[in-house]
Amino acid sequence: MAIQAKPLTNTEVKAAKTIGKDLSLHDGGGLLLFVKTSGVKTWRFRYYHPLSKKRTTVTFGHYPALSLAEARQKREAAKALLAKKIDPQEYQRTILASELSALMIKDRKLLI
């Protein structure tokens with residue numbers, strides 16, 4: 001059975017600091033705040049890949065640009081994808097690639 005983590009609070013996230021080595025603060029459900037010694041705080045989601053069953057990590061974004069509530073929403077969206085046997089990391093890459101190609105097409109039309 002999985003260990004239940006105490007959910008983080010906004011105050012804990014804001015005050016999170018590390019001395020000497022990187023720190024991981026777990027929110028539960030695979031979501032964690034990774035704090036580097038440089039002070040950068042990154043939201044990560046750890047899960048088992050739907051096909052290979054290997055442990056994988058996807059990065060959602062940096063704090064404070066991505067708040068605790070938004071990170072939790074992204075975690076729930078990733079869990080919904082996993083329930084459908086879709087890898088959240090591959091899905092994220094596909095969406096970014098399609099957005100990039102749409103921008104490139106738009107830029108070409110502006111040049112013509």
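**Notes on side-chain contacts and backbone details**

1. Arg75 and Glu76 meet through their side chains in a salt bridge, at 3.1 Å from N to O. Please keep in mind while reading that this is a predicted model. With a relative accessibility of 10%, Arg75 counts as buried, while Glu76, at 42%, counts as partly exposed.

2. Arg72, at 25%, counts as partly exposed.

3. In the whole structure, the search finds five salt bridges. Another one of them joins the side chains of Glu12 and Lys6, at 3.0 Å from N to O. Glu12 is partly exposed at 32% relative accessibility, whereas Lys6, at 57%, counts as exposed.

4. On to the rings. A pair of aromatic rings is described by the distance of the centres and the angle of the planes. Two aromatic pairs are counted in this model. In the pair of Phe45 and Tyr47, the ring centres are 5.6 Å apart and the planes meet at 15°, so the pair is stacked. Both of these residues are buried.

5. Which geometry does the pair of Phe45 and Phe60 show? The ring centres lie 5.9 Å apart with the planes at 15°, and therefore this pair is stacked. It links distant parts of the chain, with Phe45 in strand β3 (residues 41–48) and Phe60 in strand β4 (residues 55–63), 15 residues apart. Phe45 has a relative accessible area of 2%, which makes it buried; Phe60 counts as buried too, with 12%. Phe45, Tyr47 and Phe60 together form one aromatic cluster.

6. Arg44 lies over the face of Phe34, 4.0 Å from the ring centre. Arg55 has its charged end over the ring of Tyr48, at 4.8 Å from the centre of that ring.

7. Strand β3 also holds Thr42, which is buried with a relative accessibility of 6%. What does the side chain of Thr42 contact? It makes a polar contact with the side chain of His62, at 3.1 Å.

8. Lys53 has a positive phi of about 65° although it is not a glycine. This lysine sits in the loop between β3 and β4 and is exposed, with a relative accessible area of 53%. Lys85 is another non-glycine residue with a positive phi, near 65°. Its place is the loop between α2 and α3, and with a relative accessible area of 57% Lys85 is exposed.

9. Which form does the peptide bond from Tyr63 to Pro64 take, cis or trans? The bond is cis, and its omega is near 10°. Pro64 is found in the loop between β4 and α2 (68–83).

10. Finally, some nonpolar residues at the surface. Ile86, Tyr91 and Ile95 form a nonpolar surface patch, and together they have about 240 Å² of accessible area. Tyr91 is in helix α3 (residues 88–111) and is partly exposed, with a relative accessible area of 41%. Elsewhere, Ile19 lies in the loop between α1 (10–15) and β1 (23–28). Ile19 has a relative accessible area of 83%, so it is exposed, the cut-off being over 50%. The C-alpha atom of Ile19 is separated by 18 Å from that of Tyr63, a residue 44 positions apart from Ile19 along the chain.

Key:
Residues are numbered from 1 along each chain as its sequence is written. This is a predicted model: local features need pLDDT of at least 70, side-chain atom pairs count only at pLDDT 80 or more; totals for chains, interfaces and linings use all residues. Side-chain values use heavy atoms; hydrogens and water are left out. Rings of Phe, Tyr and Trp (its six-membered ring) pair if their centres lie within 6.5 Å; planes under 30 degrees apart count as stacked, over 60 as edge-to-face and the rest as tilted. Buried means under 20% relative accessible area, exposed over 50%, partly exposed in between (1.4 Å probe, protein chains only). Helices (H or I, at least four residues) and strands (E, at least two) are DSSP runs, numbered from the N terminus. A charge sits over a ring if NZ of Lys or CZ of Arg is within 6 Å of the ring centre and within 35 degrees of the ring normal. Patches are made of residues with over 30% relative accessible area and no salt bridge: like charges are joined within 9 Å, nonpolar side chains (Val, Leu, Ile, Met, Phe, Trp, Tyr) within 5 Å. Accessible areas come from the Shrake-Rupley method with a 1.4 Å probe; for residues, only the protein chains shown count as cover. A salt bridge is a side-chain nitrogen of Lys or Arg within 4 Å of a carboxyl oxygen of Asp or Glu. A polar contact is a pair of N or O atoms within 3.5 Å; within protein, one must be able to donate a hydrogen and the other to accept it, and residues adjacent in sequence count only if both atoms are side-chain atoms.
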